[in-house]
Amino acid sequence: MPIRFRFGLHPLAEVGLWGGDRPTLHWFGLTDGWYRIELGDVHLLKFAADYDIPYVDYHVVRLWEDLLALLPAALEEVPPDLIDFLESDSRDWCEVESEAVDAAIDCWSDRSLNFSYLREPPSLRCWRTGDDITIDWNAPANFAEPRTLRTTVTVADFVSAVDELHTTLMAAMEARIIEVEASPRPGVDLDLANLHREHQERAQWLTHASSRIRTTDWTAVRSGATQLQP
């Protein structure tokens with residue numbers, strides 16, 4: 001099943017200002033927009049309510065940053081004997097403490113895409129087996145169906161989707177910076193030199209994320225998983 005990360009930026013005039021009495025715009029704030037995750041014909045991060053924008057309305061940079069943080073763990077192949085643990089529900093785990101348990105929890109949670117900034121966040125986790133990545137989705141009632149979904153995408157397609165998000169976001173933000181320079185908002189503080197510098201730095205983030213190789217201590221994870229699961 002193909003996967004894509006789609007987004008749109010709000011018109012510049014509608015972008016919210018930061019800074020209270022001293023309003024300012026910066027790179028993060030300029031990514032104000034909406035986004036969704038497409039798995040074939042299925043759209044995730046779509047709300048059940050009939051909003052003007054039915055998808056998550058937030059700064060697109062959060063999806064991008066959190067995907068890059070997730071990437072090393074998502075691309076690390078999980079041993080077959082630990083798939084049951086990756087598929088388990090953390091609410092069913094035993095309450096125990098040990099270094100091995102910490103390793104197992106990290107292994108499980110590091111394969112989660114962060115949505116903690118949402119009021120009622122969904123859960124999207126992924127783990128690799130061979131040439132496939134399993135996508136496990138669970139969402140509360142404020143999201144549209146499907147509220148639960150488990151499917152697989154190829155590693156190549158997942159990497160391609162992250163790369164596409166990075167490329168399109170960088171292009172959109174480059175165009176947005178040009179727009180900001182051409183039409184500055186009166187009374188709004190904007191450090192253009194720093195804006196250009198941050199954009200150039202962020203353009204390298206995918207390369208840095210792709211070069212990070214995760215090396216999990218699977219022996220510790222196995223021990224911790226055994227302690228956690230009843």
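## Exercises on strand pairing and helix packing

In this predicted model, strands E5 and E6 (residues 123-129) pair in the antiparallel sense over two bridges.

**Exercise 1.** Find the residue that stands opposite Ser112, then state in which order the strands of the open sheet run and which strands stand at its edges.

*Solution.* 
- Start from Ser112: the residue opposite is Arg125 in E6.
- Extend to the whole sheet. Four strands form an open sheet, ordered E5-E6-E7-E8, with antiparallel pairing.
- Look at the ends of that order. E5 (112-113) and E8 (148-154) each have a single partner strand, so one side of each is left without a neighbour in the sheet.

**Exercise 2.** Classify the crossing of helix H2 (residues 60-75) and helix H5 (residues 155-182), and describe the residues of the contact.

*Solution.* 
- Take the axes. Those of H2 and H5 come within 11 Å and cross at roughly 150 degrees.
- Apply the cut-off: angles over 145 degrees count as roughly antiparallel. H2 is therefore roughly antiparallel to H5.
- Assign the hand: the crossing of H2 and H5 is left-handed.
- List the contact. H2 contributes residues including Val60, Leu63, Trp64 and Leu67, and H5 contributes residues including Val155, Phe158, Val159 and His166.
- Sort the residues of this contact of H2 with H5: 15 are nonpolar, one is polar and none is charged.

**Exercise 3.** Describe the geometry of the aromatic pair of Trp27 and Trp64, and explain why the pair ties together parts that are apart in sequence.

*Solution.* 
- The structure holds twelve aromatic pairs. One of them is formed by Trp27 and Trp64, with 6.1 Å centre to centre and 45 degrees between the planes, which is a tilted arrangement.
- Locate the two residues. Trp27 lies in helix H1 (residues 27-30) and Trp64 in helix H2, so the pair ties together parts that are 37 residues apart in sequence.
- Relate this to Exercise 2: Trp64 is also one of the H2 residues in the contact with H5.

Key:
Residues are numbered from 1 along each chain as its sequence is written. This is a predicted model: local features need pLDDT of at least 70, side-chain atom pairs count only at pLDDT 80 or more; totals for chains, interfaces and linings use all residues. Side-chain values use heavy atoms; hydrogens and water are left out. Axes are lines fitted to C-alpha atoms, for helices over the stretch in contact, and angles run from 0 to 180 degrees between N-to-C directions. Angles under 35 degrees count as roughly parallel, over 145 as roughly antiparallel, 65 to 115 as roughly perpendicular and the rest as oblique. A crossing is left-handed if the near helix is turned anticlockwise from the far one by less than a right angle, and right-handed if clockwise. Contact means heavy atoms within 4.5 Å. Ala, Val, Leu, Ile, Met, Phe, Trp, Tyr, Cys and Pro count as nonpolar, Asp, Glu, Lys and Arg as charged, and the others, Gly among them, as polar. Two strands pair if DSSP finds at least two bridges between them. Rings of Phe, Tyr and Trp (its six-membered ring) pair if their centres lie within 6.5 Å; planes under 30 degrees apart count as stacked, over 60 as edge-to-face and the rest as tilted.
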